[in-house]
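Biologist: I have a model open and want to learn to read it. Where should we begin?

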Amino acid sequence: PCLSGCTIDACKLRFCGIYELKTTTALHQKNSTQLINYLLLSNLNHGKLINLRPSSVEHRFVSTQLTTDIRLNFSLDDTHWDEKDEQNKLLKKTIYDLLINWGAFLDINLYKEALHHFLSEQPLQPVEIYMHGRVIGHQNICLLQPDVGLHISSLKRALPAYKKHIMRLFNHTHLQKIQWINFDQANVQLITLKK
């Protein structure tokens, strides 16, 4: 054991980190978010961004206290999920598998890209928006089936207000159902919206 009483392997892991080298005009929050994702997926707590492009090297420390145990302690609420067909069962299983393998708390875009990759060859497709029987425009929506859309969000509050917003758009399309997944840190909600 080391001086702090942990095993050498545990001690090495505690003091490991990721150094991410960049050559960009400036470091932004999206760079820190990306490094946090790397840390979480690597089960590490500390990293450093180093930007070599400016005249003087720019750097930023990035840390997280989230452990694998915390990230794997998620809840999946499917009380409002319609699981009648195989597509919906597959979607739920894919979400569960992602959470078991990756854990919760990652950037929402990682979950979106993974779900789009696993569930659809061309995820975003233009859907006609109707008003008074006329097409007034198009909205790119991820389609699971020709009449079933997929919406992914990461809301921590105001879910009822957001649901009204989705329904307003939904009611002006030919879609019959929207499968809505909300990632609220460790709480994941699966909601089926129908006309």
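Modeller: Begin with a helix on a sheet. This is a predicted model. Helix H2, residues 29–42, lies across E1, E2 and E3. H2 runs at about 145° to E1.

Biologist: What span should the 14 residues of H2 have, and what do the end C-alpha atoms show?

Modeller: Count 1.5 Å a residue, and H2 should span 20 Å. The end C-alpha atoms of H2 are 20 Å apart, so the two values agree.

Biologist: Which residues of H2 are buried?

Modeller: First the general idea. An α-helix has 3.6 residues a turn, so residues three or four places apart point the same way. Now the case here. The buried residues of H2 are Asn 31, Ser 32, Leu 35, Asn 37, Leu 39 and Leu 40.

Biologist: What do the buried residues of H2 pack against?

Modeller: They pack against strands E1, E2 and E3. Their partners also include helix H3 (68–72) and helix H5 (108–119).

Biologist: What comes just after H2?

Modeller: Asn 43 does, with a positive phi of about 60°.

Biologist: Now the sheet. In what order do the strands lie?

Modeller: In general, strands of a sheet pair through backbone hydrogen bonds, either parallel or antiparallel. Here 3 strands form an open sheet, ordered E1-E2-E3, with mixed pairing. Strands E1 (17–22) and E3 (58–63) are the edges, each pairing on one side only. From one strand to the next, the twist averages 15°.

Biologist: How many bridges join E1 to E2?

Modeller: There are 6, and E1 and E2 (residues 46–51) run parallel. Take one of the partners: Gly 17 is bridged to His 46 in E2.

Technical notes: Residues are numbered from 1 along each chain as its sequence is written. This is a predicted model: local features need pLDDT of at least 70, side-chain atom pairs count only at pLDDT 80 or more; totals for chains, interfaces and linings use all residues. Side-chain values use heavy atoms; hydrogens and water are left out. Two strands pair if DSSP finds at least two bridges between them. Helices (H or I, at least four residues) and strands (E, at least two) are DSSP runs, numbered from the N terminus. Axes are lines fitted to C-alpha atoms, for helices over the stretch in contact, and angles run from 0 to 180 degrees between N-to-C directions. Contact means heavy atoms within 4.5 Å. The expected span of a helix is 1.5 Å times one less than its number of residues. Buried means under 20% relative accessible area, exposed over 50%, partly exposed in between (1.4 Å probe, protein chains only).
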